Amino acid sequence: MDPSDTLRNKCAACYRQFNRKEHLVEHMRTSYHSVHEPMCGICGKRCRSFESLREHLIGPLPKAECERVFRDYGCDICLNIFSSRNSVRSHRNTCQLSSGNNGLLSRFANLGIQDDLRIDSGKSRAVALACKMVGGGSDGSLDLCAKVCIIDEYENILFRSYVKPHLPVTHYRYETTGIRPEYLREAMPLRQVQRKIQDFLCNGEAIWKIRPRGGKALILVGHGLDHDLKCLELEYPVVKIRDTATYPPLMKTSKLSNSLRYLTRAYLGYDIQSGIQDPYDDCVATMRLYRRMKSQPHRNENYPLATDPQNKNNFGSWRQNELERMSPDELLAISRSDFYCWCLDTKDYI
């Protein structure tokens with residue numbers, strides 16, 4: 001085969017090579033490559049997740065040239081490349097975060113209660129929620145929400161309360177929750193907590209009227225929110241949820257979820273969830289991950305999602321022979337993302 005044919009059949013995003021052009025076209029139809037995928041700052045390769053990018057740079061079998069440059073000029077937290085070693089050292093002081101003091105102070109506060117949930121006139125468009133569970137059922141394996149915390153984008157506590165479950169608690173899991181029976185005796189009932197949080201998140205909008213963009217309803221950030229919301233018996237539209245457990249760039253290369261503890265260590269640079277755990281710490285970690293993902297400097301596109309009506313059948317609108325005459329860069333230019341990138345929360349995308 002002519003080497004130039006191989007180059008013509010090389011994906012402009014992931015650099016995978018194909019023997020025939022029609023195979024490249026089929027790959028582009030199904031891969032959903034886009035500007036929203038994590039990209040190597042050295043060779044320009046786009047990866048499906050940051051874990052895949054990390055493996056490309058410093059994994060068991062990294063690309064040799066990229067590994068060499070990254071070793072001297074890369075940040076192992078955000079995986080960005082810098083122009084000098086001094087720049088890397090200066091950057092790392094801001095990239096590597098530490099756990100918030102409020103989480104430590106809250107453990108010494110009067111049982112950590114702040115149950116007067118008020119909406120702060122639009123200063124924060126997003127809030128983070130986390131729960132701590134005790135055990136119910138005969139063997140204590142049934143998760144029951146016993147403490148909940150909500151913070152705003154600036155890590156201020158908006159709501160924090162113990163929760164009295166519907167069912168009897170059979171295991172308080174004190175080693176990790178720090179919750180004792182007396183903390184729940186006079187706690188706010190689950191139904192009341194659920195109503196408070198639901199009203200707060202909807203912010204005056206009927207839940208069935210909430211749209212992906214615009215409106216007054218808040219963006220809800222968390223980790224494993226499907227489980228937390230189920231334990232709170234609370235419904236919220238998926239279009240307003242930003243879950244670090246299911247966000248494709250933060251998932252494993254196997255497309256399974258990473259733990260919040262791992263994500264915090266890998267992408268924020270500090271440890272959480274050791275000893276007795278406070279839901280405030282989980283809220284802070286998820287909010288910081290959300291803000292870091294939201295600030296990714298991706299190129300603006302008018303219609304960035306493959307599901308946008310304007311992009312429907314983007315490849316299907318072209319004849320096969322027309323697609324095969326396109327260069328790899330032209331094929332990439334008409335490809336769109338199959339997931340909602342959080343950077344779009346900062347843009348005027350409709």
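Mentor: A pocket is an open set of points on a 1 Å grid over the protein atoms alone, with protein on both sides within 12 Å along at least five of seven lines, and lining residues have an atom within 4 Å of a point. Volume is the space filled by probe spheres set on the points, which are joined across faces, edges and corners. This is a predicted model, in which local features need pLDDT of at least 70 and side-chain atom pairs count only at pLDDT 80 or more, while totals for chains, interfaces and linings use all residues. Residues are numbered from 1 along each chain as its sequence is written, and side-chain values use heavy atoms, without hydrogens and water.

Trainee: Which element gives the most to the lining of the second largest pocket?

Mentor: Of the 19 lining residues, the closest to the centre are Cys 131, Lys 132, Asp 228, Gln 273 and Asp 282. The elements that give two or more residues are E1, H7, H10 and H12; helices (H or I, at least four residues) and strands (E, at least two) are DSSP runs numbered from the N terminus. With five residues, the largest contribution comes from E1.

Trainee: Is Val 134 buried or exposed?

Mentor: Val 134 lies in strand E1, residues 126-136. Its contacts (heavy atoms within 4.5 Å) beyond four places in sequence include Leu 142, Val 169, Tyr 172 and Ile 179. Buried means under 20% relative accessible area, exposed over 50% and partly exposed in between, with a 1.4 Å probe and protein chains only. Because its relative accessible area is 0%, Val 134 is buried.

Trainee: Is Glu 175 buried or exposed?

Mentor: Glu 175 belongs to helix H7, residues 174-177. Because its relative accessible area is 56%, Glu 175 is exposed.

Trainee: In E6, which residue is the bridge partner of Ala 126?

Mentor: E1 and E6 pair in the parallel sense over three bridges; two strands pair if DSSP finds at least two bridges between them. Strand E6 (residues 219-222) is covered on both faces, with Ile 219 and Val 221 buried on one side and Leu 220 and Gly 222 buried on the other. The partner of Ala 126 in E6 is Ile 219.

Trainee: Which residue in E7 stands opposite Leu 220?

Mentor: E6 and strand E7 (residues 241-243) run parallel and are joined by three bridges. In E7, the residue opposite Leu 220 is Ile 241.

Trainee: How many residues in the lining of the largest pocket are charged?

Mentor: The largest pocket has about 550 Å³ of space. Of its 24 lining residues, those closest to the centre are Phe 50, Cys 78, Asn 80, Gln 296 and Pro 297. Ala, Val, Leu, Ile, Met, Phe, Trp, Tyr, Cys and Pro count as nonpolar, Asp, Glu, Lys and Arg as charged, and the others, Gly among them, as polar. By class, the lining has 14 nonpolar and six polar residues, and the number of charged residues is four.

Trainee: Which helices are included in what covers the buried residues of H3?

Mentor: Helix H3 spans residues 50-58, and its buried residues are Phe 50, Glu 51, Leu 53, Arg 54, His 56 and Leu 57. What covers them includes helices H4 (64-73), H11 (260-267) and H12 (279-294).

Definitions and conventions. On a 1 Å grid over the protein atoms alone, a cavity is a set of points where a 1.4 Å probe fits but cannot get out, and a pocket is an open set with protein on both sides within 12 Å along at least five of seven lines; lining residues have an atom within 4 Å of a point.
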